[in-house]
Amino acid sequence: MLNAEKNALLTRVGPGTPMGDLLRRYWMPVAGVTEFDRRATKALRLFGEDLVMYRDLSGNWGLVDRHCAHRRADLSYGFPEREGIRCNYHGWCFDSTGACIEQPYEDVAHADARMKERVHLKAYPVAEKGGLLWAYMGPQPAPELPDWEAFSWPNGFRQIVLSEIPCNWFQCQENSIDPVHFEWMHNNWSLRQKGVLHPYSAPHKEVGFEEFEHGFLYKRVRGNATRQDPLWAVGRVCLWPNGVFLGDHFEWRVPIDDEHTLSVCWSFTRVPREAEPYAQESIPTWYGPIRDDEGSWISSHVMNQDFVAWVGQGVVADRSLEMLSPSDKGITMIRRRFFEELEAVAAGADPKGLLRDPDKNRRIVLPMAHREIFTEGLPLDELRAHPIFGRHLFHYPFQAGQPEAVAQAYRQAMGLDRLQAAGHEAAVAAGAAPSSVSPARTT
Ligand code: FES
Ligand SMILES: [Fe+2]
C-alpha cells in the first residue's frame with residue numbers, strides 16, 4: 001500500500017517531475033524504423049511532451065518540438081529537407097539539434113537582424129537499434145543505448161508491435177514482475193474463454209525474486225516442477241526500468257503521459273534449420289488493436305490480456321487501496337528500488353543500469369531459458385514438438401491483429417509455405433488451427 005504522495009512519485013512523468021527526470025536518463029524505444037517506409041514524419045507524445053519524429057532527406061533522424069517556434073504550426077505536417085524539417089506554414093527550417101537554419105522571408109528581407117540565430121526548437125537525440133527508433137530525453141551526455149544480444153541473433157524473423165494503452169505506465173511495469181498472474185490471467189482465463197472448466201493449469205508453489213545489474217529476476221515453481229526447472233533455475237527478466245524480457249520477446253512500457261502508455265513489443269522467432277540461412281531485410285512494425293468492434297477489450301492474446309489488467313486498475317492505480325500479498329514481493333522490491341533511484345538522481349548520481357562504457361555494451365546477454373534454441377536453432381520437427389515454441393510456430397501469440405502481410409512474410413521466412421507445397425499440409429494445418437493459441441505456454 002502506498003499513500004497518495006508516494007503513488008504520485010512513481011506515476012507522474014511530466015517535465016520536472018522526479019520520475020520523469022529519472023526515466024528520461026534511459027533510451028526509450030518509441031517507433032519502428034519501417035514506419036518511415038510510408039511516412040516522413042510521426043507525431044509522438046512522450047513524457048507529456050508533444051514531439052515530432054522525422055527522417056530528413058539525408059537519412060538523419062530528428063525528434064523535435066511538435067510546434068514550430070514561429071507561430072506554433074504542427075511540424076508533423078512539415079516536410080523533411082536535405083537537412084532538417086521545414087514548417088509548412090512559413091517555411092522555417094530546423095535541424096536535428098533544433099537550430100533554426102532557414103527563415104525564407106526573414107533571411108531575405110531582414111538579413112541584418114540574423115533572427116534565426118536566436119531561434120531554437122526543443123530537440124532530442126534519436127538512434128536506431130534492432131529495427132526500433134529510440135529517443136533520449138535526458139541530460140547530456142547520453143548513456144549507451146543497450147545492445148541486447150537478441151538484437152543481433154541471426155536467422156530470425158522479428159516484428160515490432162505498438163499499442164497505446166490508456167493508463168499510467170507504472171501499473172504496466174508492475175506486471176513485469178508478477179509471476180502468479182501467468183497462471184490466472186493467461187493460463188486459466190484462456191481455458192475459461194475456450195469453455196474449459198477443469199483442470200486448471202499447474203498452480204504456483206513457490207515464487208522468488210532477485211535483483212541484478214539490468215533489473216530483477218522472477219522465479220517460480222509450478223505443479224510438480226522442481227527448482228531445477230528453468231523457470232526457477234533461470235527465471236524471467238523484469239528489465240530495468242520499464243521492460244520485461246521473456247527470451248522470445250521484449251516488452252517496454254513507455255510513458256506517453258501520466259495517463260497513457262506506449263506498449264512496445266519486439267519479438268524474435270528463430271527460423272527452423274531447414275530455412276537457414278535467413279536474413280530479414282526489414283523488420284515490420286504494426287499497431288495492435290486493444291478493443292474489439294463492440295468496444296470491449298480484446299482478450300484473446302497474451303499481451304491483450306495483460307492490457308485488460310492494466311486498464312482495469314484505473315487510469316492511475318490507487319495504491320492506497322491495494323492489499324499486497326507475499327506473491328507481490330517483487331513489486332515491493334521494484335518500488336523500493338525506484339524510490340532509492342529517485343533520491344540518487346536528485347543527488348546528482350547516475351541511476352541503476354545506465355551503461356557508460358562502450359566496451360561493456362556489446363551483445364549483452366540477459367538471463368533466459370532455452371537460449372540455445374535461439375542461438376542454435378532446431379529442425380522443424382523438433383520445433384513443432386517443443387512444448388512452448390511448437391505452439392507459437394503457426395500463430396503470433398502475443399497480440400491480436402497481426403496484418404496478413406506480416407503473417408505472410410513470417411510464413412515465408414519460416415519456410416512454412418514451402419513445407420505445405422512439399423506435402424506437409426497436415427502438419428501445417430494442424431499447427432495453424434486457432435486452438436493453437438496457447439497463452440498457457442508462454443510463461
Ligand atoms: S508557424 Fe512555422 S514557419 Fe510560421
Ligand atoms: Fe502477462
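## Exercise 1: the contact between the domains

Task: determine how many residues of domain 1 are in contact with how many residues of domain 2, and describe the side of domain 1 that is involved.

Solution. Thirteen residues, that is 13 residues of domain 1, are in contact with 16 residues of domain 2, where contact requires that the C-beta atoms, placed from the backbone, lie within 7 Å. On the side of domain 1 that touches domain 2, the elements giving two or more residues are strand E1 (28-32) and strand E2 (41-46), strands being DSSP runs (E, at least two residues) and helices likewise (H or I, at least four), numbered from the N terminus. E1 supplies the largest share of that side, three residues.

The bounds are 29-135 for domain 1 and 149-441 for domain 2, taken from an automatic or database domain assignment, and the C-alpha centres of the two lie 34 Å apart.

The model is predicted, with local features needing pLDDT of at least 70 and side-chain atom pairs pLDDT 80 or more, while totals for chains, interfaces and linings use all residues. Residues are numbered from 1 along each chain as its sequence is written, and chains are lettered from A and ligands numbered from 1 in the order written.

Definitions and conventions. Two residues are in contact if their C-beta atoms, placed from the backbone, lie within 7 Å.
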